[in-house]
Amino acid sequence: MATATHSAGSESHTLGKGVEPLRAGKGYSFLLRKLHSLSGIVPIGAFLIEHILSNFEALKGSAAYGAQVKFLNSLPLVRVLEWGFIFIPLAFHALYGVYIALRGKSNVIYYPWAGNWMYYTQRITGYIAFVYIIQHVLRQRFMGISLPEHPGAAFAKVQHELANPWMLAVYVIAMLAVCWHFSYGIWLFCAKWGITPGNKARKRFGYVCLAIGIILAGMGLASLYAFVGPNYKDTPDEVAPATSMLIVPASQLHG
């Protein structure tokens, strides 16, 4: 029986250590995507809800709106909270989101399925939110009168900006885009993190997310109307913020 043998003069080849295959749950990309997904809910999503609720105070008038701005700016370590839980996470989420979107490829033309359209609209609304938030933060937080020092000027500052029909249109479009982006982001977060396993659970939760988006968008649009509607026209440039203290007339103090 013949056997295969290596001659003494044949060259021996030493195999080097191979590259470890990429497995799910490993690598910087996986970690960054998880952080990106999480930051969209906490703290950015939480801040969005707070921001819409605060703006909803505009329906009560300029004094109530100024009181809300004053309260937020009187929180302990407010600047640390502002940068650590709003500006920095928002910058990371926005920039990495743009990076992900630019690397992705939409195929709604070839595969016009619901999931592909969701993928496409999530990225389009992300671009809109990215541009809008930059101009909004610059104009309302860092340009013009400083609202932390003059909270009573907050209502008039927004009102003057929305007096321009083009800016009003930008705010309306951005409000709808941001609320859609956030509500669908909640759905994606729960799907990716295993909170809603199975198609049935995800379909049902989709209706919940849709309701959340509609409610937030409705509140946001109502707040915009408060600034441009007839109820508070010609608001002074600065008003005294309202207070929750009950002021009792002096005549009633002594019975």
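Visitor: How many helices and how many strands does the secondary structure of the protein come to?
Guide: This is a predicted model, so keep that in mind throughout. Going from the N terminus, the elements run α-α-α-α-α-α-α-α. The tally is eight helices and zero strands.

Visitor: Among contacts between residues at least 6 apart in sequence, what percentage joins residues at least 24 apart?
Guide: The protein has 255 residues, and buried ones make up 32% of them. For contacts between residues at least 6 apart in sequence, the share that joins residues at least 24 apart is 75%.

Visitor: How far apart in space are isoleucine 52 and alanine 217, C-alpha to C-alpha?
Guide: Start with isoleucine 52, which has its place in helix 2, residues 44-55. Leaving out residues up to four places away in sequence, isoleucine 52 touches Met175, Cys179, Leu216, Met219, Gly220 and Ser223. Isoleucine 52 and alanine 217 are 165 residues apart in sequence, yet the C-alpha to C-alpha distance is 8.8 Å.

Visitor: And is isoleucine 52 buried or exposed?
Guide: The cut-off for buried is under 20% relative accessible area. Isoleucine 52 has a relative accessible area of 3%, so the label is buried.

Visitor: Let's talk rings. What kind of aromatic pair do tyrosine 65 and phenylalanine 155 form?
Guide: By the pairing rule there are 13 aromatic pairs. For tyrosine 65 and phenylalanine 155, the centres are 6.1 Å apart and the planes make an angle of 80°. Planes over 60 degrees apart count as edge-to-face, so this pair is edge-to-face.

Visitor: Which helices does that pair link?
Guide: Tyrosine 65 and phenylalanine 155 are 90 residues apart, so to speak in distant parts of the chain. Tyrosine 65 is buried at 9% relative accessibility, and phenylalanine 155 is buried at 1%. The pair links helix 3 and helix 6.

Visitor: Where is tyrosine 232, which pairs with phenylalanine 155?
Guide: Phenylalanine 155 and tyrosine 232 also make an edge-to-face pair, with 5.9 Å centre to centre and 80° between the planes. Tyrosine 232 is partly exposed, at 23% relative accessibility.

Visitor: Which residues do ring pairs link into a cluster here?
Guide: Phenylalanine 155 pairs with tyrosine 232, and with tyrosine 65 as well. Linked by ring pairs, the cluster consists of Tyr65, Phe155, Phe227 and Tyr232.

Visitor: How far is the charged end of lysine 34 from the centre of the ring it sits over?
Guide: The ring belongs to tryptophan 193, and the charged end of lysine 34 sits over it. For lysine 34, the distance is 4.4 Å.

Visitor: Which helix gives the largest share of the nonpolar patch?
Guide: The patch is on the surface, and Leu102, Trp117, Tyr120, Ile124, Tyr127, Ile128 and Ile173 form it, with about 640 Å² of accessible area together. One of these, isoleucine 128, is partly exposed at 32% relative accessibility. Five residues of the patch come from helix 5.

Visitor: Last one: is glutamate 161 buried or exposed?
Guide: Glutamate 161 lies in helix 6, residues 154-162. Beyond its neighbours within four places in sequence, glutamate 161 is in contact with Gln135, Arg139, Gln140, Met167 and Tyr171. Its relative accessible area is 7%, so glutamate 161 is buried.

Note on methods
Residues are numbered from 1 along each chain as its sequence is written. This is a predicted model: local features need pLDDT of at least 70, side-chain atom pairs count only at pLDDT 80 or more; totals for chains, interfaces and linings use all residues. Side-chain values use heavy atoms; hydrogens and water are left out. Helices (H or I, at least four residues) and strands (E, at least two) are DSSP runs, numbered from the N terminus. Buried means under 20% relative accessible area, exposed over 50%, partly exposed in between (1.4 Å probe, protein chains only). Contact means heavy atoms within 4.5 Å. Patches are made of residues with over 30% relative accessible area and no salt bridge: like charges are joined within 9 Å, nonpolar side chains (Val, Leu, Ile, Met, Phe, Trp, Tyr) within 5 Å. Accessible areas come from the Shrake-Rupley method with a 1.4 Å probe; for residues, only the protein chains shown count as cover. A salt bridge is a side-chain nitrogen of Lys or Arg within 4 Å of a carboxyl oxygen of Asp or Glu. Rings of Phe, Tyr and Trp (its six-membered ring) pair if their centres lie within 6.5 Å; planes under 30 degrees apart count as stacked, over 60 as edge-to-face and the rest as tilted. A charge sits over a ring if NZ of Lys or CZ of Arg is within 6 Å of the ring centre and within 35 degrees of the ring normal.
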